[in-house]
Amino acid sequence: TMDTGMGAALAWSPGAASQPPPGLGVKLGSLVLLLLLPLACGLAPLWCFRQPPAPIISPSPDPRSPVLSLVSCFSGGVFMGTFLLDLLPDYLGSIAAALEGLRITLQFPLPEFILAMGFFLVLVLEQVTLAQRELSEPPEESRALLPNGSIQAAVPGGPGSSVGSPVPVPGAPGALRAGALALALALHAVLEGLALGLREGDAAALRVLLALLLHKGAVAFGLSLELLRSRLRPPVVASCLVLLALMSPLGVGVGTVLAAGAGPRQRLCRAVLEGLAAGTFLFVTFLEILPQELGVPQNRIPKVILILAGFALVSAILFVKG
C-alpha cells in the first residue's frame, strides 16, 4: 500500500506537470493593454473633432503639445532606464551564455554589432519613410513639416513635436505621406513589442510594458492628428490606428513563442532578437525622444525633471527587485 502511495505521489510530482513560461501572465495582459490604450488615445481626436482639424499655415499655440511633450520626456527617462539598466545587461549575459553553450569563441564584438544593427534597422526605416514624404511635397512644405527630421517630429502633438508646428495645406498629397508614416510606425511597433515578448519574469516584462504604454499612447494620439489633418476620412484613420495597435501585440506574441525555446540554437536566436530589440530602444531613447524634446526651447526644467523621474522609477523598481 505504501508503494502504491509513493507511486501516486511520484506521478503527481510538480516536475511532471508542464510549468507556464515565466512572465506569461504579464505578457497576456499586455496584449490587451497594448491593443486598447493606443486605440483609445488614437480615437480621441476623432471624438474631439466632429470635422478634421483645419489645416493652418502659420504657427499657432496648441494646448495639447506641452502635455504630450512632458509625457514624452517621462517616457524617455523610462526608456533610458529600461535600456541601460535592464535590457542591455540581460542581452549581453544572454548572448554570452548562448555562445558559451554552443562552444563558440569570437574575436569580433558580435553582441555590440547586433545591437548596432537593431539601431540601424530603425534608422534606415525612418529615413526611407521621410525620403518618400519629401518626394511627394515641395521642399518648402517639407522643411516646415519636418523641422527636426524624424518620424516622431512629423507627428503633430506627438513625441518630438513643437508647439504650433505647421501642418499640411489643402491639396497636398497627404494620403500617401500619412500612409507611409503609419506603416513605418507599425513596423517599429513590432520590434518594440518583441522586446517585451522576449523578457523572462513578471518584473522584467512589467518594466518594458510601462515604457511601451507611455510611448505608444502619445504616438497614437499624434498619428491620429496627422491623419485627420491630411484630410483622410475617419474610417481610414480608424483603420490605420487599428493597424498600429495590432503591431505591438503581434511582436509580443512572436517574442513569447521564441522565448519558450530551450535548445542552445534557440537561445542564440532569442539573444540575437533581444539585441535587435534593444537597439530599437537605443534609437527611440537617444535619437528620437530626448533630442527632439530637449531641442524645443520650452519647459526645459520640467522636462529634465520628468526625464530623471522616469529613470528613477525604473531604478527604484530594479532596486526593490534586487
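Which residue's side chain does the side chain of Arg-199 meet in a salt bridge at 2.5 Å, N to O? That residue is Asp-90, where a salt bridge is a side-chain nitrogen of Lys or Arg within 4 Å of a carboxyl oxygen of Asp or Glu.

Before I go on, a word on the basis: this is a predicted model, in which local features need pLDDT of at least 70 and side-chain atom pairs count only at pLDDT 80 or more, while totals for chains, interfaces and linings use all residues. Residues are numbered from 1 along each chain as its sequence is written, and side-chain values use heavy atoms, with hydrogens and water left out.

Back to the pair, then. Arg-199 sits in the loop between α6 and α7 and Asp-90 in helix α3, so that distant parts of the chain, 109 residues apart, are linked; helices here are DSSP runs (H or I, at least four residues), numbered from the N terminus. At 4% relative accessibility Arg-199 counts as buried, whereas Asp-90, with a relative accessible area of 38%, is partly exposed; buried means under 20% relative accessible area, exposed over 50%, and partly exposed in between, with a 1.4 Å probe and protein chains only.

Arg-199 also forms a salt bridge with Asp-86, the closest N and O atoms being 2.8 Å apart. Asp-86 in turn forms a salt bridge with Arg-207, whose closest N and O atoms are 2.9 Å apart; since Asp-86 lies in helix α3 and Arg-207 in helix α7, the pair ties together parts that are 121 residues apart in sequence. Both Asp-86 and Arg-207 are buried.

By this rule the count comes to three salt bridges.

Now consider Glu-274, which is found in helix α9 (residues 264–294). Glu-274 is buried yet has no salt bridge, and the nearest side chain of opposite charge, Arg-270, is 4.2 Å away; for charge, Lys and Arg count as positive and Asp and Glu as negative, with His and the chain ends not counted. The side chain of Glu-274 does make a polar contact with the side chain of Ser-94, at 3.5 Å, a polar contact being a pair of N or O atoms within 3.5 Å, of which, within protein, one must be able to donate a hydrogen and the other to accept it, and residues adjacent in sequence count only if both atoms are side-chain atoms. Not counting residues up to four places away in sequence, Glu-274 touches Asp-90, Tyr-91, Ser-94 and Leu-198, where contact means heavy atoms within 4.5 Å.

Note on methods:
Helix = DSSP H or I, 4+ residues; strand = E, 2+ residues; numbered from the N terminus.
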